[in-house]
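Dear colleague,

I am handing over the structure we spoke about, and I would be grateful if you could look through it alongside the notes that follow.

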Amino acid sequence: MTGPARTEKDQLSWTCTRETFSEIAPAVCGVTVDAAVAGDPNREDPNQKSIISAPLNESLFVIAGPGSGKTTSAALRLLKLVYVDGVEPDAVFATTFTRKAAAELRSRIISWGEGMRDALNTREPTRRDDFDALDLNKMMIGTLDSLAQEVLNDHKRAGDPRPAPVEEHILKSLLLTQGIFPSSISRTHRRADDHATGQFLRNFYGREWSSDPGRATALVEIRQRLQNDRVDQGQLLAGLQGSPDHQPVRAILNVVNGFDDFMRDAQIYDFSSINITFLERLANNTLEDFLTNIKFVLVDEYQDTNYSQESVYFQLAQAAARNGGSITVVGDDDQSLYRFRGATVELFAGFENRIHNRIGVTPRRVALNRSYRSTTDIVDFVNQYSVLDPGYQAARVLNKPPLIHGDANTQRFPIFGIFRDSEQAVAEAIAQFTARLVSGQTISVRSGGINHNLRLDPADGSAGDIAVLTYSTGEYGDRKPDGRPGRERFPLKLRDALEQQTPPVSIFNPRGRPLRDIPSVQELLGNILDCLDPDGLALDRIQERYDENGDFSPRYVQNATTLSEWRNVARGTRDSRSPELARFVENWGIRTPTRRITARRARVSLNDIIFKLIKWLPSYQTDIEHLAWLEAVQRAVTASAVLQGFAGDVLFVPNQFDDELSIRSVMHAYQRVLFPIAEDLIEVSEDALETLPRDRLNIMTIHQSKGLEFPITIVDIGAAMQDLRWMRPRSRFPTGPDTVHKLESYFRPYCDIGLPARDGLDRAFDDLVRNYFVAFSRAQDVLILAGHTKCVRRPRGNAKPGQHVGAGWCRPDNRNPDGSWPWEGMGHLVLIEDSHL
């Protein structure tokens, strides 16, 4: 440990000497934190010790590879700051990217901190009152937006609102009514702006969006880009003066700024605006009471930070430095996946220079590059992949060391491959492989004179030990123009193939289909509709309002068609479910309560109605995917409650159908809950994906797998490659910049970040390389690459090759205008054939 030792009289009430901390830490958490203390040689990590023992006033730039123990290092650093350096817990500001990561870090700190307290009480029983007075729960640990909200509420000025963010689907719904089509704008101006907006969207999205919800989604993304990059709108319009883009961009800004004015007047916040408000308060010196107390700032997953967030962190770091403290950022540029949410990986790669130039802090670089997660074969494979593409190296942190094996996982398996001649055959092979393992069998694959025996742990193994990672979990392609489902995709074929095994294997993929298209969700929603508005009276009122305000009919017709489908599904199954269900829906429909109501007008939560209905829909009580879908529907109701109106409630007067307030409450339910579901604006929450079922094979996007690990990881690198039309280039081998890269290049000249150092096509390739780096590094024991045989062999004749970054294809360059394939044939993989299954 660095820094001078304290004498007993110098100690604060709860502190101990560094020697004492170093002695008790290994017993409590199993990690040696001081080179002077002997520990498990397999857990001797000098870089971890360097992070933990760094003095309070030393800032760190930590490059943490996958499975390298960053949470352990962060937790022990924080505990060392408290127990040895005497930092008050409420002087710590620690942010993580997800709520799950925040909960894990807090849990680790509390658990280990309590263990250390017990050890100190045993060693020094006379100081028990001092140690027990320490409250580690006062540490500020959470996502940046949650901590910003907490600070703004704790330091609220007179007259300021208490910010509470709305769900993104609420934001999109509000943008439709208050931004794209505000009633205050005349129809002529609205149509002119609508046309100009469509032109702009076509330039970046390839289409003008035939549906208003699609346009709202695009405009929310543009609005967040403007906010996150802190774009100077005046400079933007001045720079476009005289160009064809001036009118479309001005129209976009009119929509966005008008919407922001509405949000401000209505005191409605989203996550982005909370961070902007927090930054403004930090910069204008109205949070001095908070800033004078901050001594240590920790930022995890810094590679997924945007420019607005960086500005917040630099303000906090500057305050911590004034108070004798520091900042530590932790991340890995190879694992940056969230550019589509505004993340700017270049901020991480350039962190050392950026923070020095902005606030004069010079951080010390530390590399956590020992992988305690994976086998040495997987670590070697991931290292090879990271340096495979020469064009990618310039996008990485300079002088970044390779991963090394941390000796925690000593198993030895080669990297396997499952390749077949059709998407269906790939799904069937994975299903057979999974079913054999789940049923307790061993799969033996011979290679190089060695039998590699694959099986799940006989005592604790289950289907949950296997994960299939894919670019998209969608089970159907885009809807056809007539509303029918699109092409059946690989995740659906895998689901069906697993269900046909003996015994069948279930999968967990609650995001595989839009809620609006899932038959059991349609049944639930159809019953809700027949409870609230069996004759469509409130829906007709919405149509009338649309007709009065302007050209809304396409949106209404589309939603009305979808809602009609839901009613038909519910009516087709209701009688077979239960006579009680039919009576419940009928009584609600005619507003005849089954219990006595004393108030003239009753008020019932829509979620209460949902709870009643699922009593007769047993899948919602037993099946975990149904529980995830139910949570999404109920979250839509709860989210609507934060807006002015009926707070997610339905009003009714018994036996009366023309009560105006009651009709308006149902209209509110349509517009804030049912329409967003019909428009596919509601998704299963990421929180619902954080606790994975042990009895199901997990299929998830690579983004969703970030931060997770699995004993057996199967990565889809082109199951749909049999027809290249089924795979968009952005998901396998980009032919140009994607929308997010176009938006970056367009707006960056008008903000302080400056232009991206790499062109849009290079950034598209960089992001895809990172995607598969993350996928491959999730594996603990066994890594399997799966796809069509086009992934492992070149086609004959003039057929187009199945180029895929996940199969080791590298971007085009001057020598290889079509790209190069260092892993041609994928001969380094051991193939699992049908004969093995």
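**Cysteines, a glycine and an arginine**

Cysteine 531 counts as buried, at 0% relative accessibility, where buried means under 20% relative accessible area, exposed over 50% and partly exposed in between, with a 1.4 Å probe and protein chains only. Please bear in mind that this is a predicted model, in which local features need pLDDT of at least 70 and side-chain atom pairs count only at pLDDT 80 or more, while totals for chains, interfaces and linings use all residues. Residues are numbered from 1 along each chain as its sequence is written, and side-chain values use heavy atoms, with hydrogens and water left out.

Cysteine 791 is likewise buried at 0% relative accessibility, and because its sulfur lies 15 Å from the closest cysteine sulfur, in cysteine 810, the two are too far apart for a bond. A search of the whole structure finds 0 disulfides, a disulfide being a pair of cysteine sulfur atoms within 2.5 Å.

Glycine 536 sits in the loop between α20 (519–532) and α21 (537–549), helices being DSSP runs of H or I with at least four residues and strands runs of E with at least two, numbered from the N terminus. This glycine is buried, with a relative accessible area of 9%, and its C-alpha is 9.8 Å from that of alanine 560, which is 24 residues away in sequence.

Arginine 396, in the loop between α17 (376–386) and β8 (404–405), is buried at 14% relative accessibility. Leaving aside residues up to four places away in sequence, arginine 396 touches Asp333, Asp334, Ser386 and Val387, contact meaning heavy atoms within 4.5 Å.
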